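Subject: Structure handover

Hello,

Here is the structure for you to look over. My notes follow below it.

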Amino acid sequence: MATDLIAEKRIAAEAAVAMVKDAQVVGLGTGSTAEFAVKAIAERVKQGLQIKGIPTSDNTAQMARQLGIPLIDINSIDTIDITIDGADEFTEQLHLIKGGGGALLKEKIVASKTTQQIIIADSSKHVAFLGKFKLPVEVIPFASRYVMAQLAKLGGDGVVRQVNGQPFITDEGNVIIDADFKKISDPVALSDALNGIVGVVEHGLFTGLAQQVIMGHEGGVKIFR
Ligand SMILES: O=C[C@H](O)[C@H](O)[C@H](O)COP(=O)(O)O
């Protein structure tokens, strides 16, 4: 990846982490952009910031523990104050595609419990319409062929995600179907339709969940609300 995009991720992450306050419960996102945020939170914790983290994946949980961020069980609290997470695509209406790293299920649960959901991104993630990035759909393995047929009826050409010739298995033991919808002109309608397919556990369309996107841009940040 171009070094300027990596710098944009870091700048966006640091701007978001500056918003975290003492005593907050903080959702910890997943992916290469969120990793910059987790590291920046760990630095602030070392300097005395008192927070409790809720990781959105096993990978993030492991990283947070290694970096000394105290964690809390999500089922011991009602709301998460702030979550900082990445995205694969975002629009100016704050619709997102997430799940490129396979973590969309816990990410969406955490986002749904979060008061202030902050998305951090480099400028390559900013799109006019979602859909160039294939939409990740998390599916019970038993249902994968059925779900692919239903996705096709909605205009999405899906394949089961593979890693080293084997299906990619999520933290919860499911598979991911990456569905090519080309251009998603109505993300809310598509989200509703996907929610109605039996066998779909969750999908990577996030609508109405983000309060703001902080995008790295020309050495600073651009904010979308
Ligand atoms: O499942 C992964 C997450 O939704 C990530 O936040 C998303 O894929 C963006 O990842 P990255 O920051 O590595 O581009």
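Start with the ligand. Two helices, α2 (32-46) and α4 (104-112), each supply at least two residues of the shell around the ligand. Helix α2 gives the most, with three residues. Helices here are DSSP runs of H or I with at least four residues, strands are E runs with at least two, and both are numbered from the N terminus.

Two points on the model itself. It is a predicted model: local features need pLDDT of at least 70, side-chain atom pairs count only at pLDDT 80 or more, and totals for chains, interfaces and linings use all residues. Residues are numbered from 1 along each chain as its sequence is written.

Back to the shell. It holds 18 residues, and Gly 31, Thr 33, Gly 86, Gly 100 and Gly 101 come nearest to the ligand. A residue is near if its C-beta atom, placed from the backbone, lies within 6 Å. By class, the shell has four nonpolar, ten polar and four charged residues. Nonpolar means Ala, Val, Leu, Ile, Met, Phe, Trp, Tyr, Cys and Pro; charged means Asp, Glu, Lys and Arg; the others, Gly among them, are polar.

Now the whole chain. It has six helices and 15 strands. The radius of gyration is 17 Å, close to the 17 Å of the globule rule for 225 residues, so the chain is as compact as a globular protein of that length. That radius is taken over C-alpha atoms, and the rule is 2.2 Å times the number of residues to the power 0.38. Along its principal axes the C-alpha trace spans about 50 × 40 × 35 Å. Of the 225 residues, 47% count as buried, that is, with 20 or more other C-beta atoms (placed from the backbone) within 10 Å of their own.

Next, α1 (residues 3-17). Its buried residues include Glu 8, Lys 9 and Ile 11. What covers the buried residues of α1 includes α2, β3 (80-85) and β6 (114-121).

Last, the domains. The chain divides into domain 1 (3-126 + 208-218) and domain 2 (135-203); the bounds come from an automatic or database domain assignment. Their C-alpha centres lie 24 Å apart. Each domain puts eleven residues into the contact, where contact means C-beta atoms, placed from the backbone, within 7 Å. On the domain 1 side, α4 gives the most, with four residues. That side has three nonpolar, five polar and three charged residues.

Best wishes

How values were computed. Buried ≥ 20, exposed ≤ 12 C-beta atoms within 10 Å, placed from the backbone. Contact = placed C-beta atoms within 7 Å.
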